[in-house]
Amino acid sequence: MLLQRDAQGQPIAIRRDDYAAPAYWIDTVDLTFDLDPAKTRVLNRMRLRRNPDVPTQPLRLDGDELNLARVLVDGQGATFRMEADQLVIDALPDAFDLEIFTTCCPVKNTKLMGLFVSEDTFFTQCEAEGFRRITYFLDRPDVMAMYTVTLRASKAAYPVLLSNGNLLEQGELPDGRHFAKWVDPFKKPAYLFALVAGKLVAREQRITARNGKAHLLQVYVRAGDLDKTEHAMNSLVNSVLWDEARFGLPLDLDRFMIVATSDFNMGAMENKGLNIFNTKYVLANQATATDADYSNIESVVGHEYFHNWSGDRVTCRDWFQLSLKEGLTVFRDQEFSQDLCADASARAVKRIEDVRVLRTAQFPEDAGPMAHPVRPDSYIEISNFYTVTIYEKGSEVVRMMQTLVGRKGFERGITLYFERFDGQAVTCDDFAQAIADANPDSDLARLLPQFKRWYSQAGTPRLAAQGHYDAAARSYTLSFTQSCPPTPGQATKEPFVLPVNLGLLAADGRALPLQREGESEATSGTRTVVLTEASEQIVFVNLDAEPVPSILRGFSAPVILDFDYSDAQLLTLLANDIDPFNRWEAGQRLALRSAVHAIAATSGAADASVLNDAYLEAMRSVLRDPALDAAFKELVLTLPSETYISEQLDVVDPQRVHTVREAMRAQLATALVADWEQAYEANQDTGAYSPDPLSSGRRALAGMALVNLCLAARISGDTVWPGKTLQRFKDAGNMTDRFNALHALVSSGHALAAPALARFHALFKNEALVIDKWFSLQAGAADRGGDILPLVKQLMKHPDFSIKNPNRARSVIFSYCSANPGAFHRPDASGYVWWSDRVIELDAINPQVAARLARALDRWSKLAEPYRSAAQEAIARVASRPDLSKDTHEVVTRALAA
Ligand code: TRP
Ligand code: ZN
């Protein structure tokens, strides 16, 4: 691909402010594919018309790595020219037929964008800008057209031929070929186009929606994988029913298809009526998939299905509006998974898991060189902006809207949004306006311009709170101050609208009634206060003693809350708060405080007692509490990650962070040995396998107990638990228990890990997704004196390794560079040098995957020496390559500018 560069030779940045409507509209597209792995022919016949709203301009069609054979305007050979990658035609009539004939080479397409081949099957990936790798087109989301697609291919090699919409016709052709003709009844942007052709089989289910309409649901996989499609199908059925029940949004197609491929850059793609998925988010049976896999499949199947409305029926005007569909759709999939939970505890567990992702991945992004607003202002390569900010922070912004207008009000807002904009390509402003307009008396409507700063200002706001109890007045004043640090291109920030859910507890843990100054009566439970000023005070009255404030219940705004809690207050919240999120949060704060303290301590080696007795006793109580669910216990007992701890520090010595956290883990393991044993025994499942939250929570806690027991055994020299763990590994009835046992042996560095790993590989050598787990467990394992990098290098030489397969590359390279800080950040810089080699190697194969890996060193400027200089040097080494993709170039250039 030719890099578009400016006069200085720098890649050109695309700016949101430069948006202009297209000079032409494309009303219909008729595509005919002659599929051949080495040379696929694409005949593209379009009907275009000039956009009367913009001044006359030449037609500029995007293309990338295409061989152009013919261009006809109204059936006549046309004069055209090439400008970089664009095909330009001057002097066109107001309306005309345009025919373009090109060829491309799917088998050489290692970028996995456009038309590619995976295991002898054709797939497409067009979002964001892949359609231009299939044919010349106005490849932008505001150009929406009706598509007719004819696929022609060898019938023996490609018996199944799929595209968007409805199958109109199929039949035989000479020379053992056949064809299928598909018509999509909805107009769509090019990024939602898809085709699939190959040897596939489908699980099918017919459903009748609430509105009485019948639909055919299909999940297409390779023949050997049919026994792993039940959960994906169930998730799809649940998704269809949920969207209709919660938001009144029905399935609008007779047929809805999901197809799985093992070569995919991301999780899945919402092509209209033909979702294409990474196998990782489709295939599951109890022997090969963990509970986490089951839960991810449910989320991703839901996510892509919900895009059918939030993305497909109403799409983005331009890629700066990406969060319009992604933030909203993540919010919808999070709500879906919560609504499928049987009880409040399981819902809270889901919320805590989502917040953990936000805080360990999005907060660092928002504090680093790639920080960008939920609606970015510029980009060089749009693929780099499929980020946790667009997705997860975008979802939090939608969630705050729901908090401000209430659940019913939000449902009204969604209804208005789809009524108003169905069939259109719109903006984040349009969305926020619709939610506000449906709730004219709400805080959101009142504060809309200020609320929209969440779209325009990057960075994680800090909310500092202080409490003051006035015994004479029997009042308690919470003083709030909000601020937001500078981010690239944004030096100063204006205050945000912060919906803060809060409550008050007595020192003994009782929930206190809430009465604000000026109110005649108190309320119970949780209050939402809406903060809008840089500083403001909230006064509660009628209080006999200083309360313990429970602030930001349910994590009602994506901010960092600073409150100088005493240990006693945190222990009160942990033991008593009615809000499970803040119970969990209190435990995290206690652990974090101890970690930060121990890291800062000047004494060289982290001494063994990082965690104090009060904390250990509190953890013991949680573990023993019969009223708490296992899943919740597992979350409370999980220490903050090294990444999250590091974010709290100004200067990060990753080895020190690792050492301290390992010391904390060892302490929790040994101090609670008897409780871990008890937890392990008490959480054995006897019945048939089911991935529901209750059973998976029990398995998670039992697995955590094994990890702790193996760790304690390593310290004490005991051999009983490692032996039991190996036995559990051998007779486990499901992958969750088996993998947890394997993980316990590997992470404790026990000698039994090696034979267990060998056995695991032998058992699952034909299950690619399980082999990914096998690789990633080893590359992510605890480093004992520098043994992991040599192991990772070994793993890359394993016959099962292939750097071209993104899942496999992620399972080894990313597991080491992004998920194993204690092994990656080495004082001798060898991890960084190896990283730079892999970024460069991957960049020549698959720029999207390379650019993700490039982000592993985003936070280099926070590192202590010698890490900092070594990391900077490694990034500079990548940046100095003359032939980098736009993707990787943008990431490393931004990193170095930090
Ligand atoms: N839109 C997809 C989703 O979030 C993700 C996606 C964007 C994607 N670009 C992609 C998937 C490229 C695969 C490859 O649901
Ligand atoms: Zn999405």
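**Reading the backbone**

Reply: Happy to, and let's start with Leu-112: with a relative accessibility of 6%, this residue counts as buried, because buried means under 20%. Keep in mind that this is a predicted model.

Me: What is the phi of Leu-112, and where is the residue found?

Reply: Here is the general idea: most residues other than glycine have a negative phi. Leu-112 has a positive value, near 60 degrees. Leu-112 lies in the loop between β9 and β10 (114–118).

Me: Thanks! Now Ala-91: does it count as buried or exposed?

Reply: Ala-91 counts as exposed, because its relative accessibility is 80% and exposed means over 50%. The phi of Ala-91 is positive too, near 50 degrees, and this residue is not a glycine. Look for Ala-91 in the loop between β8 (86–89) and β9 (95–104).

Me: And the peptide bonds? Is the one from Glu-127 to Ala-128 cis or trans?

Reply: In general, most peptide bonds are trans. The bond from Glu-127 to Ala-128 is cis, and its omega is near -5 degrees. You will find Ala-128 in the loop that runs between β11 (121–125) and β12 (144–154).

Me: What about the bond from Glu-865 to Pro-866?

Reply: The peptide bond from Glu-865 to Pro-866 is cis as well, with omega near 5 degrees. Pro-866 sits in the loop between α25 (847–854) and α26 (867–879).

Note on methods:
Residues are numbered from 1 along each chain as its sequence is written. Chains are lettered from A and ligands numbered from 1 in the order in which they are written. This is a predicted model: local features need pLDDT of at least 70, side-chain atom pairs count only at pLDDT 80 or more; totals for chains, interfaces and linings use all residues. Side-chain values use heavy atoms; hydrogens and water are left out. Helices (H or I, at least four residues) and strands (E, at least two) are DSSP runs, numbered from the N terminus. Buried means under 20% relative accessible area, exposed over 50%, partly exposed in between (1.4 Å probe, protein chains only).
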